[in-house]
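Good morning, and thank you for making time for this presentation. I would ask you to keep the sequence and the structure in view while I speak.

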Amino acid sequence: MTPRTEPAAVSPEASPAGAPEGAADGFAEYLASPEGPQFLNPDAVRTPGPDVPVRTVTADGRHGPVAIRIYGEAAGTGSPALVWLHGGGFVSGSMDIPESDFLARVLADRGTPVLSVDYRLARDGVSYPIPHDDALTGWFWARKNAASLGLDPDLLCLGGAGAGGNLAVGAALYLIDAGKPLPAKLLLAYPFLHAELPPPAGGLDEAVMAGLPRHLRFTLEDCIRTAENYVGGPVSMAPSYAMPGYADPAGLPPTALLACEYDDARGSTELFASSLERAGVPVSYFLARGAVHGHLNHTAGLPSGQAALDFLAREVAGAHTAPR
């Protein structure tokens, strides 16, 4: 694994406007609002996402209809596309947040269509396997309808950010067990894969970390509460599809990982990268210097986020047909 890095991205000391320091627990703040907590640098002047064709379709899922927003059009036969899942701790976020909408517009403008899946959040009695099943519904719809969209089904990639990265890996593990065609590549941005976060290699700059807003810090309690809320019970009862960081990754497709320098969850990404390498899975790893968890949200439309977007764009554009 040869890490690639980008220069400092955001000011880690910046705080969301109007958010008193320590006013809310990390997980509690996500749970308080389906839209999720505010982003860093809310007053920054941002470039709007490219104007690309966008339409929404509905797939029939095990738990009801699942909306899929399609960005862009096929650049031609033999070009890859990406099925994407937003983050938000399983309890917040949507297809409209920047790490989903802005990312999709940028990739679509570069010729890579994106199919964003509106999975159900783990709120109001919803828990695993419902979000997992919704992710699979989006994937199977994309495979089935790829030809009508001008896409090669064998060049479909699968990915997500945060909790969406968890859902992407869990879906891929299911596909292995079910003997179904795999994604050509997995693209994961700061994924939530372990209920108990391993420490990042080299540690974290505690002076910087202490200045972050509370919702950008992940204590052991935050992670356990997030996992238990998603699983719907003790973490010990979680199947590998729900907490895929603990599963055997053998057989997964090539994987691109985006990690953030000032992120308590970076150790999880590093551990998963090592597990993939030991299993013989090709890994591309990119460390966003100066970045915090939710990097694709905080830097959307800002120059500081361009390197991470370029990395993901290169990775999906370079996808090859996955082995059957």
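Leaving aside its neighbours within four places in sequence, S33 is in contact with S92 and R123. Before I go further, please note that this is a predicted model. The residue S33 itself sits in the loop between α1 (26–32) and β2 (54–61). Is S33 buried or exposed? Its relative accessibility is 19%, so S33 counts as buried, the limit for that class being under 20%. The side chain of S33 also makes a polar contact of 2.7 Å with the side chain of E35.

The loop between α1 and β2 also holds N41. With a relative accessible area of 21%, N41 is partly exposed.

That residue brings me to the backbone. Most residues other than glycine have a negative phi, and most peptide bonds are trans. N41 is not a glycine, yet its phi is positive, at about 50°. Y190 is likewise a non-glycine residue with a positive phi, of about 35°. Where does Y190 lie? It is placed in the loop between β7 (186–189) and α5 (206–210). At 1% relative accessibility, Y190 counts as buried. As for the peptide bonds, the one that joins Y128 and P129 is cis, with omega about 15°. P129 belongs to the loop between β5 (114–117) and α3 (130–145).

Which strands pair with β6? One of them is β4, residues 81–85, which pairs with β6 in the parallel sense over five bridges. Within that pairing, A81 has L156 as its bridge partner in β6. Another is β7, again in the parallel sense, over four bridges. Here the bridge partner of G159 is L187 in β7. Together with helix α4, residues 163–178, the strands β6 and β7 make a right-handed β-α-β unit.

Strand β9 spans residues 283–292, and nine of these ten residues are buried, so β9 too is largely enclosed by the rest of the structure. It runs parallel to β8, residues 255–262, and seven bridges join the two. In this pairing, Y285 of β9 is the bridge partner of L257. The chain passes from β8 through helix α7, residues 266–278, to β9, and this β-α-β crossover is right-handed.

Rolling a probe the size of a water molecule over the atoms shows where empty space is left. How many cavities of 30 Å³ or more are there? The count comes to three. The largest cavity contains about 380 Å³ of space. Its lining is made up of 34 residues, and Y30, G88, G89, F218 and H293 lie nearest its centre. At least two lining residues of the largest cavity come from each of α1, α6 (220–231) and α8 (295–298).

Finally, I would point out T219, in the loop between α5 and α6. T219 is partly exposed, with a relative accessible area of 34%. From T219 to A238 there are 19 residues in sequence and 20 Å in space, C-alpha to C-alpha.

Thank you for your attention.

How values were computed: Residues are numbered from 1 along each chain as its sequence is written. This is a predicted model: local features need pLDDT of at least 70, side-chain atom pairs count only at pLDDT 80 or more; totals for chains, interfaces and linings use all residues. Side-chain values use heavy atoms; hydrogens and water are left out. Buried means under 20% relative accessible area, exposed over 50%, partly exposed in between (1.4 Å probe, protein chains only). Two strands pair if DSSP finds at least two bridges between them. A crossover is right-handed if, with the strands pointing away from the viewer, the path from the first strand over the helix to the second runs clockwise. A polar contact is a pair of N or O atoms within 3.5 Å; within protein, one must be able to donate a hydrogen and the other to accept it, and residues adjacent in sequence count only if both atoms are side-chain atoms. Contact means heavy atoms within 4.5 Å. On a 1 Å grid over the protein atoms alone, a cavity is a set of points where a 1.4 Å probe fits but cannot get out, and a pocket is an open set with protein on both sides within 12 Å along at least five of seven lines; lining residues have an atom within 4 Å of a point. Grid points are joined across faces, edges and corners, and a volume is the space filled by probe spheres set on the points.
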